[in-house]
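Have the sequence and the 3D view open, and look up each residue as you meet it.

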Amino acid sequence: MAMFLLTFNLLIIMALHVYAQERAQERERMVQQQLVSRGIRSKVVLDAMRKVERHRFVPPELSHEAYNDYPLPIGGGQTISQPYIVAFMTEALNLKPTDRVLEIGTGSGYQAAILAEICKEVYTIEIVESLGRQAEQTLRHLGYRNVYVRIGDGYHGWPEAAPFDAIIVTCSPTNVPKPLEEQLAENGRMIIPIGEDQVQELVLITRQGGKLKRQSRLPVLFVPMRDRKGKRY
Ligand code: SAH
């Protein structure tokens, strides 16, 4: 009996190991075919995308699609962004290990985990309570101690923790929220999808010498930024 149990346990451990290895291979393929081939160069970003287990952040029934080249539904009509968009936005922020970052739209928590691999602290706000709580649990379970999740309306930012070296917005308002501009530190960078429901542009905003500079980077499609009553910003 003892022998049987030992063999059984060993088999399970081996199966888990093979599963983890296969997932790591899928991530390496994702990095090469979706990111490097499209021009993502930052080593810290590529390493974070290699490391973070994206399949833990999607609903279990979609776990086998986690490393595919498209966004996936995460419940409540929301989505986890396509891997390339996550990498592109993260690279655009030009993050340093000492940076403190604000994210608006926690969603699954995947983007927050990528940021947490690269910089010092991540403050992330989600308006849908069930999503925010679930993301918080996933992040805690995976051992991220430098991510702070808040349930609330991200339009107003997180004034008590401001200013931020970088701000990433993963839902789309029609204009840049004033409070977010104000919470951007000197030499800070913000990446944000601005536009209407079907036409949006990723805009990179930098603050230098007290002045804000804007550059359009990429056409994209994000879910709208909404207030608590569901009205679009
Ligand atoms: N970054 C996420 C994807 C976010 S999808 C990830 O990695 O999985 C966009 C999210 O923005 C949704 O979860 C949506 O509920 C949230 N959102 C929309 N309006 C918001 C607001 N005003 N404040 C905070 N979150 C908001």
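Asp197 has a relative accessible area of 43%, so this residue counts as partly exposed. Its salt-bridge partner is Arg232, and the closest N and O atoms of the two are 2.7 Å apart. Keep in mind that you are looking at a predicted model.

**Other salt bridges to find**

- Side chains of opposite charge can pair when their charged atoms come close.
- How many salt bridges does the count come to? The count comes to 15 salt bridges.
- One of them joins Arg50 to Glu28, with 2.8 Å between the closest N and O atoms.
- Arg50 is part of helix α2 (residues 43-51) and Glu28 is part of helix α1 (residues 2-35), so this pair ties together parts that are 22 residues apart in sequence.
- Both partners are partly exposed: Arg50 has a relative accessible area of 28%, and Glu28 has a relative accessibility of 30%.
- Glu28 and Arg50 also belong to one network with Lys43 and Asp47, joined by salt bridges that share partners.
- Another salt bridge brings together the side chains of Glu160 and Arg150, at 2.7 Å from N to O.
- This pair links distant parts of the chain, with Arg150 in strand β5 and Glu160 in the loop between β5 and β6 (164-169), 10 residues apart.
- Glu160 is exposed, with a relative accessible area of 58%, whereas Arg150 is partly exposed at 27% relative accessibility.

**Helix α5 and its two sides**

- Helix α5 covers residues 129-141, which makes 13 residues.
- From its first C-alpha to its last, α5 reaches 18 Å, close to the 18 Å expected at 1.5 Å a residue.
- Which residues of α5 are buried? They are Leu131, Gly132, Ala135, Thr138 and Leu139.
- If you look down the axis of α5, these buried residues fall within an arc of 125°, so they line one face of the helix.
- The buried residues of α5 are covered by parts including β1 (72-75), β2 (78-80), α4 (110-118), β4 (121-126) and β5 (147-151).
- Ser130, Arg140 and His141 are exposed on the other side of α5.
- After α5 comes Gly143, which has a positive phi near 90°.

**Around the ligand**

- There are 26 residues around the ligand, and the ones that come nearest are Ser108, Glu126, Asp153, Gly154 and Arg226.
- Glu126 has a polar side-chain atom 2.6 Å from an oxygen atom of the ligand.
- In the side chain of Glu103, an N or O atom is 3.0 Å from a nitrogen atom of the ligand.
- Gly105 uses its backbone instead: an N or O atom there lies 3.0 Å from a nitrogen atom of the ligand.

Conventions. Residues are numbered from 1 along each chain as its sequence is written. This is a predicted model: local features need pLDDT of at least 70, side-chain atom pairs count only at pLDDT 80 or more; totals for chains, interfaces and linings use all residues. Side-chain values use heavy atoms; hydrogens and water are left out. Helices (H or I, at least four residues) and strands (E, at least two) are DSSP runs, numbered from the N terminus. The expected span of a helix is 1.5 Å times one less than its number of residues. Buried means under 20% relative accessible area, exposed over 50%, partly exposed in between (1.4 Å probe, protein chains only). The arc is that of the directions from the helix axis to the C-beta atoms. Contact means heavy atoms within 4.5 Å. A salt bridge is a side-chain nitrogen of Lys or Arg within 4 Å of a carboxyl oxygen of Asp or Glu. A residue is near a molecule or strand if one of its heavy atoms lies within 4 Å of it. A polar contact is a pair of N or O atoms within 3.5 Å; within protein, one must be able to donate a hydrogen and the other to accept it, and residues adjacent in sequence count only if both atoms are side-chain atoms.
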